[in-house]
Amino acid sequence: MNLQKDLLEYIGLHLKKQNETVSIAESVTAGFLQFSFSQIKDASELFKGGLTAYTLEEKVKLLHVDEHEARRCDCVSPEIAGTMALNVSQLFNTDWGIAVTGYATPVEESGYKLFAYFSFAYKSEILLSRKMDLYHRKESIDAQLCYSEFILECLKVEMEKQSLQ
């Protein structure tokens, strides 16, 4: 948990220094990322909010993902994650939008594999989209925590890159 504390401290300091804000759209992590951001010092100045949209209908209605694409891929694709990131950022009027969608339990739709896609939107553009693969025998809560921590680590890297520009 120390690693996550250090990650959150870095992310919070970066956002504060840059006078930037973040919002989150989650599916597979079911609120873990939002919870993590709520633990940052002065979170209410940096974290404007988020959505946990678990169903296709909610992703279409609230995050404006393309319904045809969502049905085609069971809401799990880089395009869906990108749309979620861009639209949550727009909805909450934030500099950063973070989104994740995937599988925390092995199901037929995933080929019985655990994976997720996440995206970072920064100032209305997709900055990063990636796929995460996990060992399929992980408990769902462990998968959700792994996804969340990996996303936070990647966010730190992207923030470091932005600082160098």
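Buried means under 20% relative accessible area, exposed means over 50%, and partly exposed lies in between. The exercises below use this scale on a predicted model.

**Exercise 1. Classify Asp74 and Ser124 by accessibility, and state where each lies and what its phi is.**

Solution. 
- Step 1: Asp74 is found in the loop between helix H5 (67-73) and H6.
- Step 2: Asp74 has 36% relative accessibility, so this residue counts as partly exposed.
- Step 3: The phi of Asp74 is positive, about 60°, although Asp74 is not a glycine.
- Step 4: Ser124 belongs to the loop between strand E4 (114-122) and E5.
- Step 5: The relative accessibility of Ser124 is 62%, and therefore Ser124 counts as exposed.
- Step 6: Ser124 is not a glycine, yet its phi is positive at about 70°.

**Exercise 2. Describe the span of helix H7 and list its buried residues.**

Solution. 
- Step 1: H7 covers residues 140-164, which is 25 residues.
- Step 2: From the first C-alpha to the last, H7 reaches 37 Å, close to the 36 Å expected at 1.5 Å a residue.
- Step 3: The buried residues of H7 are Ala143, Gln144, Tyr147, Ser148, Ile151, Leu152, Cys154, Leu155, Glu158, Met159 and Gln162.
- Step 4: For reading such a list, recall that an α-helix has 3.6 residues a turn, so residues three or four places apart point the same way.

**Exercise 3. Place Phe150 in the fold and find its contacts.**

Solution. 
- Step 1: Phe150 sits in helix H7.
- Step 2: Phe150 counts as partly exposed because its relative accessibility is 27%.
- Step 3: Leaving aside residues up to four places away in sequence, Phe150 touches Phe118, Arg130 and Met132.
- Step 4: Thr21 is 129 residues from Phe150 along the chain, and their C-alpha atoms are separated by 20 Å.

**Exercise 4. Summarise the protein as a whole: elements, dimensions, burial, contacts and charge.**

Solution. 
- Step 1: The secondary structure consists of seven helices and five strands.
- Step 2: Read from the N terminus, the order of the elements is α-β-α-α-β-α-α-α-β-β-β-α.
- Step 3: A compact globule of 165 residues would have a radius of gyration near 15 Å, and the protein agrees with this because its own value is 15 Å.
- Step 4: The C-alpha trace spans about 45 × 30 × 25 Å along its principal axes.
- Step 5: Of the 165 residues, 48% count as buried.
- Step 6: The accessible surface comes to about 8700 Å², and 50% of this belongs to carbon and sulfur atoms.
- Step 7: Of the contacts between residues at least 6 apart in sequence, 62% join residues at least 24 apart.
- Step 8: There are 17 positive and 24 negative side chains, and the centres of the two sets lie 3 Å apart.

Methods. Residues numbered from 1 in each chain as written. Predicted model: local features only at pLDDT ≥ 70, side-chain atom pairs only at ≥ 80, totals over all residues. Heavy atoms only, no water. Helix = DSSP H or I, 4+ residues; strand = E, 2+ residues; numbered from the N terminus. Expected span 1.5 Å × (residues − 1). Buried < 20%, exposed > 50% of the residue type's maximum accessible area, 1.4 Å probe, protein only. Rg over C-alpha atoms; globule rule 2.2 N^0.38 Å. Contact = heavy atoms within 4.5 Å. Areas by Shrake-Rupley, 256 points an atom, 1.4 Å probe, with all protein chains shown as cover. Lys, Arg positive; Asp, Glu negative; His and termini not counted. Charge placed at Lys NZ, Arg CZ, Asp CG, Glu CD.
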